[in-house]
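Dear colleague,

I am passing on the structure below, together with my notes on what was found in it. Please read the notes with the coordinates open beside them.

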Amino acid sequence: MKESGGWSLRVGLVGLAAAAAAAAGVAYGLYRVTYRRSGGAAPRSRGLEREPGSLGGGEASGSPGLSSLHRAPLGGVPQGGSDDSNSHGGLEARHIKSLLHLLESTEDSLVHEQILVTLGNSAAFSVNQDIIRNLGGLSLIGKMLSVPVTDVKQKALNAFNNLSMNTKNQEELKIYITNVCEEVEASSVNSELQLAGLRFLTNISVTNDYHYMMTSFIPTFLHLLFEGNERIQVQVLKVLVNLSANPAMAEHLLNSQAPLLLSLFDSCINKDVLLRVLVFTTNLTKSMRHDKGSAIHNLYNEDSIFSTLSDNSLYTQKLAFLLHHHDAEVKEQVAKLIMQQC
């Protein structure tokens with residue numbers, strides 16, 4: 001009898017979460033269609049290297065152009081999310097409260113996954129980001145990072161990705177930065193869990209406030225840059241671009257080892273990867289300009305990024321070749337990088 005009752009409870013809970021997820025997805029789709037018909041594109045943030053708010057817990061859609069590769073302060077509308085403070089995606093506060101209660105009270109990992117997907121979907125709407133925080137949902141979702149089930153952790157990080165588009169939420173979510181960095185480091189290379197962690201770190205690093213908490217993981221990020229597939233490369237570069245835009249992080253980055261960095265300065269490299277490598281390097285070169293002098297060279301190791309970018313004939317040659325790249329955005333960014341060296 002207990003086994004039968006437990007199965008019924010699971011079916012009921014999963015059904016509730018799935019229905020709520022469908023409601024959020026439909027409302028979100030209607031919002032985007034309505035917005036486009038009103039004469040504009042879906043709202044996007046300006047000048048940010050951040051992850052779009054995404055529904056369904058899948059890979060965030062869209063690839064930012066050159067103008068959005070340079071990090072800027074938080075503000076504006078989350079990419080892929082609603083800027084209508086009255087829009088809640090079909091879920092009201094009472095629904096979210098019930099889902100959070102279920103998340104806390106059940107030990108069923110399948111139910112955890114369904115609820116986390118639903119909460120993550122609802123967090124594509126800014127009003128729900130506040131509701132989830134005010135109901136204590138951030139800490140409840142954070143507890144799911146300790147559940148020894150990979151899929152549950154991944155869904156929790158996907159929810160955090162959307163929730164971290166909110167500055168007030170970031171103030172509470174900062175306590176998970178080290179934990180997420182450790183998950184990224186320990187996860188299998190190219191895994192969905194690793195990708196989800198990097199997405200969260202992308203959003204939480206949009207401002208300079210929490211960069212210091214990632215300093216010790218810079219070697220991990222650089223390792224993934226060379227060992228990961230293109231999805232991981234793009235995602236880790238988003239984090240590195242954000243960090244490199246902070247002058248206070250320049251010394252840590254420049255003194256890091258990246259012996260294969262110049263291998264990415266090649267016309268055969270994926271455009272999204274190449275553009276971000278160029279922006280990352282441009283940001284660091286700008287910092288190097290402010291620290292010219294022979295004494296500065298003594299601060300860095302011989303095999304550091306600083307040494308790679310300083311008086312390196314191979315580096316200069318590769319930049320010259322990239323000036324003839326077939327893509328206009330790449331050529332423009334190479335030109336900007338060369339101008340920073342003058």
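**Cysteines**

Cys268 is exposed, since its relative accessible area is 64%, where exposed means over 50%, buried under 20% and partly exposed in between, with a 1.4 Å probe and protein chains only. Cys181, by contrast, is buried, with a relative accessible area of 1%. A search of the whole structure for disulfides finds zero, a disulfide being a pair of cysteine sulfur atoms within 2.5 Å.

**How to read the values**

This is a predicted model, in which local features need pLDDT of at least 70 and side-chain atom pairs count only at pLDDT 80 or more, while totals for chains, interfaces and linings use all residues. Residues are numbered from 1 along each chain as its sequence is written, and side-chain values use heavy atoms, with hydrogens and water left out.

**The protein as a whole**

Of the 342 residues in the protein, 53% are buried. Among contacts with a separation of 6 or more, 75% are between residues 24 or more positions apart, contact meaning heavy atoms within 4.5 Å. The accessible surface comes to about 15400 Å², and 52% of it belongs to carbon and sulfur atoms; these areas come from the Shrake-Rupley method with a 1.4 Å probe, and for residues only the protein chains shown count as cover.

**Helix α17**

Helix α17 (residues 328-341) has 14 residues and reaches 20 Å from its first C-alpha to its last, close to the 20 Å expected at 1.5 Å a residue, the expected span being 1.5 Å times one less than the number of residues. Its buried residues are Val330, Gln333, Val334, Leu337 and Gln340. They lie on the same side of α17, because they cover an arc of only 115° around the axis, taken from the directions from the helix axis to the C-beta atoms. What covers them includes α13 (271-289) and α16 (313-322), whereas Ala328 and Met339, on the other side of α17, are exposed. At the N-terminal end, Asp327 caps α17, with a side-chain oxygen 2.9 Å from the backbone nitrogen of Glu329.

**Thr308**

Thr308 is found in helix α15 (residues 305-309), and counts as buried because its relative accessibility is 14%. Leaving aside neighbours within four places in sequence, Thr308 is in contact with Leu262 and Tyr315.

Conventions:
Helices (H or I, at least four residues) and strands (E, at least two) are DSSP runs, numbered from the N terminus. A polar contact is a pair of N or O atoms within 3.5 Å; within protein, one must be able to donate a hydrogen and the other to accept it, and residues adjacent in sequence count only if both atoms are side-chain atoms.
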